[in-house]
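Here's a quick briefing to read alongside the coordinates. Have the viewer open and follow along topic by topic.

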Amino acid sequence: MKLFTHSSAKLDKSQTKDWLNAVLYLEPSVDYKTMCRASTEGCRGSCLTNSGMMRMTAQTNARTERTKLYLNDNDAFMLQLEKEIDNLYRKASKEGKHLALRLNGTSDVDWTATYAKYPEIQFYEYSKRPDLILKAKKLPNVHMTFSRTEATKVST
């Protein structure tokens with residue numbers, strides 16, 4: 001089982017002559033354990049897992065298996081994650097590209113230790129968690145976008 005997705009309709013648009021991109025898609029909730037601690041009813045309803053090819057059985061099963069590995073054998077998951085990151089970095093370097101990774105394609109997990117371990121890689125995420133956004137601000141290789149919800153109050 002591979003952890004990263006390298007090609008999708010949306011992801012293909014971000015592959016350029018200068019950038020190689022990949023995304024980790026986990027299942028937002030497995031066995032009553034949520035991977036999106038700050039999720040709301042609105043975001044669960046509009047989650048990427050409910051659209052396009054992400055709804056297909058094979059894609060759902062793959063996300064579920066990845067998430068079960070993360071939850072039930074985190075050491076094995078992290079070894080595989082690091083191996084895949086290392087391989088992607090080598091591939092990008094060989095092609096003369098920068099590597100950009102999104103680890104929270106369909107989750108909202110704290111990956112701060114992984115971001116810090118790979119300062120040469122650009123990470124980008126959306127998060128509903130202010131704590132994660134504040135932690136990521138300390139790392140120059142992470143771009144976080146606060147993801148609004150139906151409950152977000154907009155001040156003028």
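Is Lys135 buried, partly exposed or exposed? Lys135 is partly exposed, at 33% relative accessibility. Keep in mind that we're looking at a predicted model.

**Lys135 and its partner**

- Lys135 sits in helix α6.
- The side chain of Lys135 forms a salt bridge with that of Asp110, with an N to O distance of 2.4 Å.
- Lys135 belongs to α6 while Asp110 is in the loop between β5 and α5 (112-117), so this pair ties together parts that are 25 residues apart in sequence.
- From C-alpha to C-alpha, Lys135 and Asp110 are 9.1 Å apart in space.
- Asp110 is partly exposed too, with a relative accessible area of 31%.
- If you skip neighbours within four places in sequence, the contacts of Lys135 are Asp110 and Thr112.

**Other salt bridges**

- The salt bridge count for the model is seven.
- As a bit of background, side chains of opposite charge can pair when their charged atoms come close.
- Lys91 and Glu95 meet through their side chains at 3.7 Å, N to O. Lys91 is partly exposed at 41% relative accessible area, and Glu95 is partly exposed at 38%.
- Arg129 bridges to Asp131, and their closest N and O atoms are 2.7 Å apart. Here Arg129 counts as buried, at 8% relative accessibility, whereas Asp131 is partly exposed, at 34%.
- Shared partners join Lys91, Glu95 and Lys97 into one salt-bridge network.

**The sheet**

- Five strands make an open sheet with mixed pairing, and their order is β1-β2-β5-β6-β7.
- At the edges you'll find β1 (4-5) and β7 (142-146), each of which pairs on one side only.
- β2 (residues 19-24) runs parallel to β5 (residues 98-102), and the two pair over five bridges. To find this pairing in the viewer, look for Trp19 opposite His98 and Ala22 opposite Leu101.
- β5 also pairs with β6 in the parallel sense, over two bridges. Leu101 has Phe123 as its bridge partner in β6.
- Four of the five residues of β5 are buried, so this strand is largely enclosed by the rest of the structure.
- β6 (residues 122-127) and β7 are parallel and share five bridges. Tyr126 faces Thr145 in that pairing.

**Crossovers and the helix across the sheet**

- From β6 the chain goes through α6 to reach β7, making a right-handed β-α-β crossover.
- There is also a right-handed β-α-β unit made of β5, α5 and β6.
- Helix α4 (residues 74-94) lies across β1, β2 and β5, and runs at about 150° to β5.

**The nonpolar core**

- The largest nonpolar core holds 29 residues. The ones with the most contacts inside this core are Phe4, Leu24, Phe77, Leu81, Leu101, Trp111 and Phe123.
- Elements that give two or more residues to this core are β2, α3 (57-72), α4, β5, α6 (130-136) and β7. The biggest contribution comes from α4, with six residues.
- In general terms, nonpolar side chains tend to be buried together in soluble globular proteins.
- Phe123 is worth a click: beyond its neighbours within four places in sequence, Phe123 is in contact with Leu101, Leu103, Thr114, Tyr115, Tyr118, Asn141, Val142 and His143.

Note on methods. Residues numbered from 1 in each chain as written. Predicted model: local features only at pLDDT ≥ 70, side-chain atom pairs only at ≥ 80, totals over all residues. Heavy atoms only, no water. Pairing = 2+ DSSP bridges. Contact = heavy atoms within 4.5 Å. Axes fitted to C-alpha atoms, helices over the stretch in contact; angles between N-to-C directions. Core = buried A, V, L, I, M, F, W, Y, C linked by side-chain atoms within 4.5 Å. Buried < 20%, exposed > 50% of the residue type's maximum accessible area, 1.4 Å probe, protein only. Right-handed = clockwise from strand over helix to strand, strands pointing away. Salt bridge = Lys/Arg side-chain N within 4 Å of Asp/Glu carboxyl O.
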